[in-house]
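Here is a short briefing on one chain. It starts with the terms, then takes the overall fold, a helix pair and the record's annotations in turn.

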Amino acid sequence: MLALEMVRDGLLVPVESTQTSAQSSAAKKKTAALRSWISLDQDGQGTVLDLDKYAIIRRVQIHARDLRLLDPLLSYPSTILGREKVIVLNLEHIKAIITADEVLLRDPFDDNVLPIVEELQRRLPLVSANFQGQGEDEETSGVQKDVETDELKFPFEFRALEVALEGICSFLDARTRELETDAYPALDELTSKISSRNLDRVRKLKSAMTRLTNRVQKVRDELEQLLDDDDDMADLYLSRKLVGTSPFSDSGAPNWSLASPTITIGSRVSKTSRASAATTAEENDVEELEMLLEAYFMQIESTLNKLTTLREYIDDTEDYINIQLDNHRNQLIQLELFLSSGTVCLSVYSLVAAIFGMNIPYTWKEGHGYIFKWVIIVTGVVCASLFLFIISYARHKGLVGS
């Protein structure tokens with residue numbers, strides 16, 4: 001038997017049950033506050049973490065306002081932010097925090113995020129192995145091996161950024177191709193047969209195209225804004241900040257010489273020419289990152305052009321449908337004009353019949369049966385002339401086709 005009870009709204013509530021419910025509600029709040037993350041290091045090893053926002057802030061030393069950009073419950077546009085020690089990445093479903101030696105990816109069990117996790121695990125170790133072994137092979141490797149190591153010589157944060165950009169560009173391009181596969185046959189079917197079903201189908205596809213265009217446009221605008229500002233691109237050099245070299249410093253410290261393996265136009269500097277290249281590194285400090293961003297900017301621009309072409313095709317189809325509807329409307333107007341003309345002609349017959357049907361004595365009504373034939377003939381000629389006059393007048397005014 002419980003020794004303590006408290007009164008609430010006239011009811012006796014056991015203190016023990018109250019404490020149990022309070023603990024369960026607190027546990028639910030704590031569970032709701034935790035978010036699933038995956039941490040990927042330079043070796044591609046992944047560790048699933050359940051952390052709240054305060055633990056993330058302490059772990060990567062990020063501001064709370066920047067962390068809010070990654071909240072799936074809030075709607076923020078696509079963003080790539082360079083901070084002192086991290087890169088905050090919000091690209092559609094890819095929500096990540098990139099440091100100089102770690103990638104924190106949100107919701108790793110999402111179907112759209114799983115390919116990004118697998119790609120990071122596959123490609124991140126290559127960069128780590130390259131940085132560890134670049135000094136040992138300097139004297140023993142030939143020119144071909146020098147070129148290969150230069151191609152793979154890419155900072156950890158840029159490797160992770162490249163995987164994210166490649167993932168979002170491929171994702172949006174795949175959605176665009178699926179939309180094109182559904183849209184073009186639907187538009188052709190609507191052109192051949194206008195029906196409520198086809199119109200509703202095209203309406204849904206147009207709405208989906210508008211939403212997808214907005215998503216692609218946001219990613220494109222973010223890349224364009226980043227490319228237009230060298231300072232923003234310089235903020236993404238986390239490894240350089242880690243060793244204490246500024247992107248635009250005048251010191252003689254060695255700078256990163258970057259070249260993405262996916263970009264064929266990158267600068268390939270051999271080991272023997274690095275000394276001369278270091279003298280011009282200050283002028284082209286963000287050139288490699290700029291080439292990386294431009295490659296994916298062109299890819300997202302190509303996706304946007306596909307959607308623009310699809311929109312133009314939809315607009316052309318709408319114009320064609322409107323022309324067809326106007327033609328049908330004109331045919332209905334022409335039919336209505338014919339019926340109205342016929343009604344006017346019949347009303348002339350009704351007028352003549354009404355005159356002769358009036359109960360008024362006429363002298364020529366008796367013994368003049370032949371006059372009925374002439375009345376019919378004259379009335380028919382007048383009605384036909386009236387009908388032809390109405391039709392010719394309507395054609396002259398362009399109300400009906402010739």
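Helices here are DSSP runs of H or I with at least four residues, and strands are runs of E with at least two, numbered from the N terminus. By that reading, residues 202–229 are 93% helix and 0% strand. The model is predicted.

**Whole chain**
- The secondary structure comprises 12 helices and eight strands.
- Of the 402 residues in the chain, 35% are buried.
- Among contacts with a separation of 6 or more, 67% join residues 24 or more positions apart.

**Helix pair α6 and α7**
- Helix α6 spans residues 156–192, and helix α7 spans residues 196–227.
- Their axes come within 10 Å and cross at roughly 155 degrees.
- Angles over 145 degrees count as roughly antiparallel, so α6 is roughly antiparallel to α7.
- The α6–α7 crossing is left-handed.
- The residues of this contact divide into 18 nonpolar, two polar and six charged.

**Coiled-coil annotation**
- An unreviewed UniProt entry lists residues 202–229 as "coiled-coil region".
- In the model, the end C-alpha atoms of residues 202–229 are 40 Å apart.

**Transmembrane annotation**
- The unreviewed UniProt entry gives "transmembrane region" for residues 337–358 and 370–394.
- Residues 337–358 are 95% helix and 0% strand in the model.
- The end C-alpha atoms of residues 337–358 lie 31 Å apart.

Technical notes
Residues numbered from 1 in each chain as written. Predicted model: local features only at pLDDT ≥ 70, side-chain atom pairs only at ≥ 80, totals over all residues. Heavy atoms only, no water. Axes fitted to C-alpha atoms, helices over the stretch in contact; angles between N-to-C directions. Parallel < 35°, antiparallel > 145°, perpendicular 65-115°, else oblique. Left-handed = near helix turned anticlockwise from the far one by under 90°. Nonpolar A, V, L, I, M, F, W, Y, C, P; charged D, E, K, R; others polar. UniProt positions renumbered as here; feature names shortened; annotations may be inferred. Buried < 20%, exposed > 50% of the residue type's maximum accessible area, 1.4 Å probe, protein only. Contact = heavy atoms within 4.5 Å.
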